[in-house]
Amino acid sequence: MPKIIDAKVIVTSPGRNFVTLKIITEDGVYGLGDATLNGRELSVASYLQDHVVPCLIGRDAHRIEDIWQYLYKGAYWRRGPVTMSAIAAVDTALWDIKGKLAGLPVYQLLGGASRESVMVYGHANGASIEDTVAVALDYQRQGYKAIRIQCGVPGMASTYGVSKDKYFYEPADADLPTENVWNTSKYLRVVPELFKAAREALGWDVHLLHDIHHRLTPIEAGRLGKDMEQYRPFWLEDATPAENQEAFKLIRQHTTTPLAVGEIFNSIHDCRELIENQLIDYIRATVVHAGGISHLRKIANLADLYQVRTGCHGATDLSPVCMAAALHFDLSVPNFGVQEYMRHTPETDAVFPHAYTFADGAMHPGEAPGLGVDIDEDLAAQYEYNRAFLPVNRLEDGTMFNW
Ligand SMILES: O=C(O)[C@@H](O)[C@@H](O)[C@H](O)[C@H](O)CO
Ligand SMILES: [Mg+2]
């Protein structure tokens, strides 16, 4: 058996923070797993270092499901983003090891490719409608078949999803949370205008997506969905906070615009009600925050029964290790929908050399055994952890609101 003899937690910050688990077996084969929880990174690093690593030593790296159950049931305190990100890191690293030992890319172990490559969506954002459309046109020229569009709201100083740098969006930008201001009625006016302008400039052959970031009430979301139907969005994401999943019934009653939810979900139990009641069209859970490849497959299998497709979260705070794992998963599942792809900076790519590639609006995980992603530990050591927070959001009268 490939016995686990060591596991290290590597914290690095090549432009932003990443936590990576490296599991090493007796014969020197190792695997990597992403454990990054944006803005709360060190809690997962400690969970792994102090509470998980000691339990891994001496175990058979081939027994992925057994180790998953051991960590999940054994912790007693089930679920939650910290626990599930830590378990995800172990699970991902073990799939990487299994692939390397088998001499096969992970997608082959998951049943093989269900498609040639996976469609990804890029982020076009700008301060104004014109800026956003110009960036979206650039994405279209680069071959993207799906583009998320977000623009600044007139009369507001800052808006979620609109960054200083047009191409490298990074919301965790300060060592104490930045405070943003929000006005729903101004926002509700600008989004249909943005989509109208984008359809006029980009045509109808490209998929257009939009992220609401949990900021609407169900009835506001229903109205926006209805206003947007004429522009045929691919999806509206996170229309309303998803703790109250009943809310989606109200949205559904009012619109046929497809709905996507789930980037902050961490287990199948968060997804189940929305999927079984057919209240969503795309499930956004991904490898690092939802218990790893093993657990995400269970979510996808449940979703497949209800024609709900996958749309894995793929922001820059998910490391290239998560991106690689997501691509192997995407290539294999029957009910794949789309994969989010926000490019990492060259500094991040240098720390995590990887086999995955982008061409013609789609990505492929490559044919390297395992996940096809590595970590340059010497380079990683040069980038010290940098405390960084996601912003908070207030209404104009000062009320704390959803970010
Ligand atoms: O859809 C998305 O990519 C966003 O919602 C993310 O940028 C999200 O805000 C960050 O990943 C939070 O860490
Ligand atoms: Mg989102």
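Guide: Two strands pair if DSSP finds at least two bridges between them; helices (H or I, at least four residues) and strands (E, at least two) are DSSP runs, numbered from the N terminus. This model is predicted: local features need pLDDT of at least 70, side-chain atom pairs count only at pLDDT 80 or more, and totals for chains, interfaces and linings use all residues. Residues are numbered from 1 along each chain as its sequence is written, with chains lettered from A and ligands numbered from 1 in the order in which they are written.

Visitor: How many bridges join β2 to β3?

Guide: The open sheet has three strands in the order β1-β2-β3, with antiparallel pairing. Its edge strands, β1 (4-12) and β3 (30-34), each pair on one side only. Between β2 (residues 18-25) and β3, which run antiparallel, the number of bridges is five.

Visitor: Which residue of β3 stands opposite Leu21?

Guide: β2 covers residues 18-25 and is joined to β3. The residue in β3 opposite Leu21 is Gly33.

Visitor: Which element gives the most to the side of domain 1 that touches domain 2?

Guide: An automatic or database assignment sets the domain bounds, with domain 1 at 4-105 and domain 2 at 109-368. In contact (C-beta atoms, placed from the backbone, within 7 Å) are 31 residues of domain 1 and 30 residues of domain 2. On the domain 1 side, β2, β3, α2 (64-74) and α3 each supply at least two residues. With 11 residues, the element that gives the most is α3.

Visitor: What distance separates the centres of domain 1 and domain 2?

Guide: The protein is divided into these two domains. Taken over C-alpha atoms, their centres are separated by 26 Å.

Technical notes
Two residues are in contact if their C-beta atoms, placed from the backbone, lie within 7 Å.
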